[in-house]
Amino acid sequence: MDYTIRPLSSKDESIVWEMLLYAAQETSLEALQHPLLAHYAAGWGRPGDMGYGAWHGKIAIGATWLRLWSEADQGFGYIRDDIPELSIGVAPDYRGQGIGTRLLTQLLADVKEHFSAVSLSVRSDNPAVHLYSRVGFIPVSGSEVLNRTGSESFNMIYELKAL
């Protein structure tokens, strides 16, 4: 399949919201209004935000992005203030075609000069766990929690350089 990848800009907040729907495994944009989810997309383009989107023609089909959090305002995968948290979403009809892998490897290659590591939070039953492991993310020991849906989630980290 033919698709293009480009960096996300502050004008792409609607794409980040759409892909958050898939990243959070939700079925409606209304669910994303939950404050714990909304801050992954709200105000996209703030300092430290960076990411890539994939388009098939004019249709957004996937995105991966990073956000920095503080100890006072943490994302689910927060490790430290200087380690951004990764989110990734691919539209269901486009999964299994290598788009997520390509987006993820592009972003990780581009951030290695800026950060020592990248973190994420993932549900233990999410098939993307295999993708994260394949590219080099490792589970963070002791990070297992019961998530907002009642299932287990845990954090993973990808070390870009020595912490």
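Q: In this predicted model, over the ring of which residue does the charged end of Arg 6 sit?
A: The model is predicted, not experimental in origin. A charge counts as sitting over a ring when CZ of Arg is within 6 Å of the ring centre and within 35 degrees of the ring normal. The charged end of Arg 6 lies 4.1 Å from the centre of the ring in question, which belongs to Trp 55.

Q: Which residues of helix α4 are buried?
A: Helix α4 covers residues 128-135. Residues count as buried under 20% relative accessible area. In α4 the buried ones are Ala 128, Val 129, Leu 131, Tyr 132 and Val 135.

Q: Against which elements do the buried residues of α4 pack?
A: Packing here rests on contacts, with heavy atoms within 4.5 Å. The partners include one helix, α3 (99-111). Together with the strands, the elements packed against are α3, β4 (85-90), β5 (117-123) and β8 (152-159).

Q: Which residue just after α4 takes a positive phi?
A: Helix α4 takes in residues 128-135. Just after α4, a phi of about 120° is found at Gly 136.

Q: How many residues of β4 are buried?
A: Glu 85, Ser 87 and Gly 89 point one way from β4, and these are buried. Leu 86, Ile 88 and Val 90 point the other way and are buried too. Strand β4 is thus described as mostly covered, and the count of buried residues is six of six.

Q: Which residue of β4 is the bridge partner of Trp 65?
A: Strands β3 and β4 run antiparallel and are joined by six bridges. For Trp 65, the bridge partner in β4 is Ser 87.

Q: What is the geometry of the ring pair of Tyr 40 and Trp 69?
A: There are four aromatic pairs in the count. The ring centres of Tyr 40 and Trp 69 are 5.2 Å apart. Planes over 60 degrees apart count as edge-to-face. The planes of Tyr 40 and Trp 69 are at 70°, so the pair is edge-to-face.

Q: How many residues apart in sequence are the parts that Tyr 40 and Trp 69 tie together?
A: Tyr 40 is buried at 5% relative accessibility, and Trp 69 is buried at 3%. Tyr 40 lies in the loop between α2 (35-38) and β2 (50-56), whereas Trp 69 lies in the loop between β3 (59-67) and β4, so the separation in sequence is 29 residues.

Q: Which residue forms one aromatic cluster with Tyr 40 and Trp 69?
A: The rings of Tyr 40 and Trp 69 form a pair. The aromatic cluster that holds Tyr 40 and Trp 69 also contains Phe 76.

Q: Where does Asn 155 lie, and is this residue buried or exposed?
A: Asn 155 has its place in strand β8. Among the residues Asn 155 touches are Phe 76, Leu 120 and Ile 138. The relative accessible area of Asn 155 is 10%, so Asn 155 is buried.

Q: Which residues are linked with Asp 49 in a network of salt bridges?
A: Asp 49 forms a salt bridge with Arg 46, their closest N and O atoms being 3.7 Å apart. Arg 67 also forms a salt bridge with Asp 49, at 2.9 Å. Arg 67 is in strand β3 and Asp 49 in the loop between α2 and β2, 18 residues apart. The residues linked with Asp 49 in the network are Arg 46 and Arg 67.

Q: How far apart are the closest N and O atoms of Arg 80 and Asp 82?
A: The structure holds four salt bridges. Arg 80 is partly exposed at 32% relative accessibility, and Asp 82 is partly exposed at 39%. In the salt bridge of Arg 80 with Asp 82, the closest N and O atoms are apart by 2.8 Å.

Terms used. Residues are numbered from 1 along each chain as its sequence is written. This is a predicted model: local features need pLDDT of at least 70, side-chain atom pairs count only at pLDDT 80 or more; totals for chains, interfaces and linings use all residues. Side-chain values use heavy atoms; hydrogens and water are left out. Buried means under 20% relative accessible area, exposed over 50%, partly exposed in between (1.4 Å probe, protein chains only). Helices (H or I, at least four residues) and strands (E, at least two) are DSSP runs, numbered from the N terminus. Rings of Phe, Tyr and Trp (its six-membered ring) pair if their centres lie within 6.5 Å; planes under 30 degrees apart count as stacked, over 60 as edge-to-face and the rest as tilted. A salt bridge is a side-chain nitrogen of Lys or Arg within 4 Å of a carboxyl oxygen of Asp or Glu. Two strands pair if DSSP finds at least two bridges between them. Lists of a residue's contacts leave out its neighbours within four places in sequence.
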